[in-house]
Amino acid sequence: MDYKFVEQLLEKYFAAETSLEEERVLRDCMTLPGLPQHLARYADLFLYEDAQADEHLGDDFDQKVIAAAGIQQPTQLTVHARRTSILRSLRPLWQAAAVVAIVALLGIGAGRSFSEMDDDATQAGGSVVAEQQTVVPNAVQTASVDTIPANM
């Protein structure tokens, strides 16, 4: 029998380029009797894989590991579940809306107080100009840049 195909599959297997189907063919070929000596040394690898496929951890594995680590674990876990209403679940939304409303009201109040201060200042400024004109009636008024004639 010619084992060149098996040798090629072994090369692909060790290069990690085989498919699952090719690995199954290799496993089947390695269990055939009368395998040449140079291929028989790889048979144990595939037989070991088959033997280990049936090995699983026992049900008490977790308990053994916890005992070896010295961790005390409660025997029964108690969970307390609470039902929440829709209003209670929306509470953060209501709180955020309240904060926004408070900040907006404070901003409006501060804006009105500043506008009242501006009104008071303009009224006071107008009375100062009137007082200046009564004190010095013939005083020369200075012109602003906007009122200077262009032909000067």
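I take a salt bridge to be a side-chain nitrogen of Lys or Arg within 4 Å of a carboxyl oxygen of Asp or Glu. I note that the model is predicted, so that local features need pLDDT of at least 70 and side-chain atom pairs count only at pLDDT 80 or more, while totals for chains, interfaces and linings use all residues. Residues are numbered from 1 along each chain as its sequence is written, and side-chain values use heavy atoms, with hydrogens and water left out.

**Entry 1, the chain.** I read helices (H or I, at least four residues) and strands (E, at least two) as DSSP runs numbered from the N terminus. On that reading I found 7 helices and 0 strands. I took accessible areas from the Shrake-Rupley method with a 1.4 Å probe, where for residues only the protein chains shown count as cover; the chain exposes about 13,600 Å², of which carbon and sulfur atoms supply 59%. I call a residue buried under 20% relative accessible area, exposed over 50% and partly exposed in between (1.4 Å probe, protein chains only), and of the 152 residues 9% count as buried.

Side chains of opposite charge can pair when their charged atoms come close. Arg-24 meets Asp-28 at 3.2 Å, N to O, and these two residues of helix 2 are 4 apart, about one turn of the helix. Arg-24 also meets Glu-21, at 2.3 Å, N to O, with the two residues 3 apart in helix 2. I therefore record Glu-21 as partly exposed at a relative accessible area of 45%, Arg-24 as partly exposed at 41% and Asp-28 as partly exposed at 40%. Glu-21, Arg-24 and Asp-28 are linked in a network of salt bridges. Elsewhere I noted Lys-64 and Asp-60, whose closest N and O atoms are 3.5 Å apart; Lys-64 is exposed at 54%, whereas Asp-60 is partly exposed at 39%.

I paired rings of Phe, Tyr and Trp (its six-membered ring) if their centres lie within 6.5 Å, and counted planes under 30 degrees apart as stacked, over 60 as edge-to-face and the rest as tilted. The search of the whole structure gave 2 aromatic pairs. Tyr-13 and Phe-14 have ring centres 5.5 Å apart and planes at 75°, so I logged the pair as edge-to-face. Phe-14 and Tyr-42 have centres 5.4 Å apart and planes at 55°, so this pair is tilted. Tyr-13 is buried at 17%, while Phe-14 is partly exposed at 49% and Tyr-42 is partly exposed at 24%. Tyr-13, Phe-14 and Tyr-42 form one aromatic cluster.

I counted a contact as heavy atoms within 4.5 Å; leaving aside residues up to four places away in sequence, Thr-18 touches Leu-9, Lys-12, Tyr-13 and Glu-23.
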